There are 2 protein chains.
Amino acid sequence: MSERVPDHLDETGAPCARHPAISDATLYQLAMVGSRAPAFHHDCASKLQGLVMALDELTELTENGDPQVVRAIETALEASRELNALLNINRALTRPAARTRIAMRELVARAAERVGVSVQGAMSDALSVMIGVAPVTHALALAIDVAAGSGRGRSLAVEAAPAASAVDLVLHSSPLPAPSVNEAVAIASFVAAREGGRLWCSTAGDRMTIRLPAG
Amino acid sequence: MSERVPDHLDETGAPCARHPAISDATLYQLAMVGSRAPAFHHDCASKLQGLVMALDELTELTENGDPQVVRAIETALEASRELNALLNINRALTRPAARTRIAMRELVARAAERVGVSVQGAMSDALSVMIGVAPVTHALALAIDVAAGSGRGRSLAVEAAPAASAVDLVLHSSPLPAPSVNEAVAIASFVAAREGGRLWCSTAGDRMTIRLPAG
């Protein structure tokens, strides 16, 4: 047996009372799904390759033909390219991510778009961080999804501020807790810590802060 | 902090010396990949639906046309169906699996096929287990992959024997340890325990046993 990585804390350094710790059963369940990913990606990529070859052949066979046919092939090819892009994003998560400089504004925009949340709050382009983009985008998406609560047409007030060699992103949490948020917060907290940063909640439960190394 | 689920043991009840415990960093890394799965599956399913609609339209537009075109569309449709089947298998892993009766022979055949291992050893069809098929197939695939070692054209000697209200599957391990096997064994061990069974290694390192509840 080994001690568990500590779950995220509140601003006083005590365990966060708002988001209970992730359970072993949940952590291993998620890890089980993750452990299937490399084989799954490999199998999908191979099927996708066969699909694109068939569509390329169709393109050649129907050149200068019925415009409806040409358009339908183009639609199918576009969907294949999008599937491939989704696959590549997921694959990047399974690999060690090189640290790259990226503006916090850009990072937050990508993460918020994934979970359909519109973020409010101006962020200076001068605030950039040095992190693994794939895992941190996913971690921020989890954190923003939790902080934005439930419902449709969600929006979230955010602000970014420089800290010593770091940038703090503050999410003004919705008072409505989203369901099964503790696992999302635990994973987001792990990623932030692995990147040399930290995630913490305010004791009042109205703010979540993600600190990332400045770049 | 909480105590970790114990890693798998050897036949004497001591921690297995052959497969070191999974590290927190690895466990959380796998869980991070797993936590992206629901959104990934949703996005892939949506793109795949658009793709199949375009291919169905193509089928209608080219009815009774050039046989080469018809064949290429059929190839593309077949690849889409296979992609969809892969997606459904992965989705099943993220959901609670109802326990189903399945012959151990069938379960082992499916798992071994996934990792390209040919299993040797006759198994009676009378030996059946009552388990969640999706997670246990994945767990057995991980265990078989580890036990079969590395190399091409791998084969593995297996045997199944009835135990009290259970069936024991014994994998005769290859002497060559596969790389990064400890995480695979830890996940397989977790799944076996969750199903009410158990995974253990022989102290000599030549056998791995997976016990599953009889059905």
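How many salt bridges does the rule find across the interface of chain B and chain A? The rule finds two salt bridges there, and the sections below place them within the predicted model.

## The interface

The contact takes 58 residues from chain B and 58 residues from chain A. The size of an interface is often given as the accessible area lost when the parts come together. Between chain B and chain A the buried area is about 5,600 Å², and carbon and sulfur atoms give 71% of that area. Y28(B), M32(B) and R36(B) together supply 14% of the area that chain B buries against chain A, which is more than any other three residues supply.

Polar pairs also cross the interface: 12 residue pairs are in polar contact between chain B and chain A, with both residues at pLDDT 80 or more. On the side of chain B that touches chain A, the elements giving two or more residues are helix 1 (24-35), helix 2 (37-61), helix 3 (67-94), helix 5 (133-147) and helix 6 (181-194) of chain B. Helix 3 of chain B gives the most to that side, with 16 residues.

## Salt bridges

Side chains of opposite charge can pair when their charged atoms come close. One such pair in this model is the salt bridge of E82(B) with K47(A), in which the closest N and O atoms are 3.1 Å apart. Over all chains, the count by this rule comes to 20 salt bridges. E82(B) lies in helix 3 of chain B, while K47(A) lies in helix 1 (residues 24-61) of chain A, so the pair joins two chains.

## The sheet of chain B

Chain B holds an open sheet of six strands, which has the order 1-7-8-6-5-3 and mixed pairing. Strand 1 (9-10) and strand 3 (118-120) of chain B stand at the edges with a single partner strand each, so one side of each is left without a neighbour in the sheet. Helix 4 (residues 104-114) of chain B packs on this sheet, where it touches strand 3, strand 5 (155-163), strand 6 (166-172) and strand 8 (207-213) of chain B, and its direction makes about 40° with that of strand 6 of chain B.

D10(B) has C201(B), in strand 7 of chain B, as its bridge partner.

## The sheet of chain A

In chain A, an open sheet of six strands has the order 1-7-8-6-5-3, with mixed pairing. Its edge strands are strand 1 (9-10) and strand 3 (118-120) of chain A, each of which pairs on one side only. Helix 3 (residues 104-114) of chain A lies across strand 3, strand 5, strand 6 and strand 8 (207-213) of chain A, and runs at about 40° to strand 6 of chain A.

Strand 5 (residues 155-163) and strand 6 (residues 166-172) of chain A pair in the antiparallel sense over six bridges. A163(A) stands opposite A166(A), which belongs to strand 6 of chain A.

Methods. Residues numbered from 1 in each chain as written. Chains lettered and ligands numbered in written order. Predicted model: local features only at pLDDT ≥ 70, side-chain atom pairs only at ≥ 80, totals over all residues. Heavy atoms only, no water. Pairing = 2+ DSSP bridges. Helix = DSSP H or I, 4+ residues; strand = E, 2+ residues; numbered from the N terminus. Contact = heavy atoms within 4.5 Å. Axes fitted to C-alpha atoms, helices over the stretch in contact; angles between N-to-C directions. Buried area = accessible area lost by both parts, 1.4 Å probe. Salt bridge = Lys/Arg side-chain N within 4 Å of Asp/Glu carboxyl O. Polar contact = N/O pair within 3.5 Å; in protein donor to acceptor, adjacent residues only side chain to side chain.
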